[in-house]
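Visitor: Please show me how to read a structure of this kind, one feature after another, with the general idea before the case.

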Amino acid sequence: MSYDQNRKKLQQILMRYQQGNATEQERAFVEQYYRQFEQEPNLSDTYTGEERAAIESRNWERLMERVAEPAPLRVAGRARFLRRWGWAAACIAVLLLAGTYYWLVKTSPAGRQQAVIAAPDPAVAVTYIRNIVLPDGSRAVLQANSRLQFPPVFSGRAREVTLIGEAYFDIVHDHAQPFIIHTGNLKTTVLGTAFNIKAWPGQESVEVSVTSGKVRVEDGKQVSVELTSNEQITYQTAAATVALHKVDAAATAARWAQADMIFRDEPLEKVAAAISKRYNVQVSFNNEQLKQCELVASFSGTEALETVLQTLSAILNIQYTRSGNQVVFDGAGCGEQ
C-alpha cells in the first residue's frame, strides 16, 4: 500500500474515531498511541529541523516496537491485541504525523493537549457553522469564524477545551470528569448540560446562557457564579464584573445555530449540500431522482446528525445508510411507496 493510500486510510480511521464510529480495534490503537505521550515533559513550540526530525524518528521507533511486539490493549475490560502487521502498518503513516503534531503543540502551563484530529480542523476558523462530535460523544455547534481546540482523547481529571468565538454545547454527563471550557479569563465548568457561550476576541463582555443543567463560571479571581436552566450571565472583561439575567435560553441562546438549517420547498440535493457542510459528511444518492424531491423542514441546528437524517427520511419516505462520514439516500422518491 502506498504512502498516499496509508494516509487516506488513516484519515478515515481518525475521522471515524472523532465521530465515535471507530471499531474497538481502531479506537484502542489511537487511544493507546496518544497515551504514551502523557508523561512526557512540556516542550517549546520552537524547533530546529534536526529537532523535528528527531521527534519524528522517536515516534516512528515507538510505533515499530509496538507493531513488532504487540502489547495488550484494554478495551471495555477485555484484552485486545494488534496481531496483524498489515493493519498496523497501514496505521503508521498518518499516526506518525498526528503524533508529531501532538508533541509540538503540548505547551500550555496546565499541560492541556491541543491537538485536533477533525476535518475540517475545528481549531481553524471557517466562515460557516459546523456541528462537531467531541471525543467523549459530547456535541458542539460552532458559530461561523469560531474556533474550538480539544485533544484527540480526553484523559486526566477533566475534559478541557478552549473556545474562541461562539458555540453551543450539549455535554455528556460524567461526574468523575467534569467538562471545562476556557474562554479568555473565564473558565466554565459543567457536569452535563446544554448551554451557549459567546466570547469573541476584543469584545467587552462574555455571555454564558444555560438551556438545561447547571454550569459554574469563574475568572480565577473574584467572580464565581453558578447558572441553572434559563439563566444567563454577562461578564464584563475589563471590570471583571458579572450580571445575571433570566432568559428563554432554548429560544434565544443559540438562535444563530439555525442558519442554513431551515428549508422551505428546497430540493433534497440542496438540503444534502447543507448537511454535508454542517456535519462534515459526504452525501450521495442511489436514486438520482431523489435530488429533486422538495421538502419543508426546520431544524434548531443543534441536533445530532442522526436526528436530522431520520427526520428527512420520514418526511420523504426514503431510506438512508450511514457508514462513518458517508451518507447514502435511497428510495422511490418524493413520498412514493
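Guide: Let us start with the elements: helices (H or I, at least four residues) and strands (E, at least two) are DSSP runs, numbered from the N terminus. The model is a predicted one, in which local features need pLDDT of at least 70 and side-chain atom pairs count only at pLDDT 80 or more, while totals for chains, interfaces and linings use all residues. Residues are numbered from 1 along each chain as its sequence is written, and side-chain values use heavy atoms, with hydrogens and water left out.

Visitor: Is Ser229 buried or exposed, or something in between?
Guide: Buried means under 20% relative accessible area and exposed over 50%, with partly exposed in between (1.4 Å probe, protein chains only). Ser229 has a relative accessible area of 32%, so it is partly exposed.

Visitor: What does Val206 touch, with the same exclusion?
Guide: Val206 is found in strand β10 (residues 205-212) and, with a relative accessible area of 8%, is buried. Among the residues that Val206 touches are Thr183, Leu186, Lys198, Ala199 and Ile233, and Thr234 is on the list as well. Val206 and Thr234 are 28 residues apart in sequence and 5.7 Å apart in space, C-alpha to C-alpha.

Visitor: How many residues does the largest nonpolar core have, and which have the most contacts inside it?
Guide: A nonpolar core is a set of buried Ala, Val, Leu, Ile, Met, Phe, Trp, Tyr and Cys residues joined through side-chain atoms within 4.5 Å. Here the largest has 30 residues, and those with the most contacts inside it are Leu148, Phe169, Phe179 and Phe195. Strand β6 (residues 159-170) gives the most to this core, with 4 residues. A second, separate core has 24 residues, including Phe263, Tyr279, Val281 and Leu305.

Visitor: How many aromatic pairs are there?
Guide: A pair of aromatic rings is described by the distance of the centres and the angle of the planes. Rings of Phe, Tyr and Trp (its six-membered ring) pair if their centres lie within 6.5 Å; planes under 30 degrees apart count as stacked, over 60 as edge-to-face and the rest as tilted. The count here is 5 aromatic pairs. Phe154 and Phe179 form an edge-to-face pair, 5.9 Å centre to centre with 75° between the planes. Phe154 lies in the loop between β5 (147-149) and β6 and Phe179 in strand β7 (residues 179-183), so this pair ties together parts that are 25 residues apart in sequence.

Visitor: What kind of aromatic pair do Phe169 and Phe195 form?
Guide: Phe169 and Phe195 form a stacked pair, 5.3 Å centre to centre with 20° between the planes. Because Phe169 lies in strand β6 and Phe195 in strand β9 (residues 194-199), the pair ties together parts that are 26 residues apart in sequence. Phe169 counts as buried at 0% relative accessibility, and Phe195 is buried with a relative accessible area of 0%. Phe154, Phe169, Phe179 and Phe195 form one aromatic cluster.

Visitor: Which residues of α7 are buried?
Guide: The expected span of a helix is 1.5 Å times one less than its number of residues. Helix α7 (residues 305-316), with 12 residues, reaches 17 Å from its first C-alpha to its last, close to the 16 Å expected. Its buried residues are Leu305, Val308, Leu309, Leu312, Ser313 and Leu316. They cover an arc (that of the directions from the helix axis to the C-beta atoms) of only 130° around the axis, which puts them on the same side of α7. The buried residues of α7 pack against α6 (268-279), β17 (294-298), β18 (319-323) and β19 (326-330).

Key:
Contact = heavy atoms within 4.5 Å. Lists of a residue's contacts leave out its neighbours within four places in sequence.
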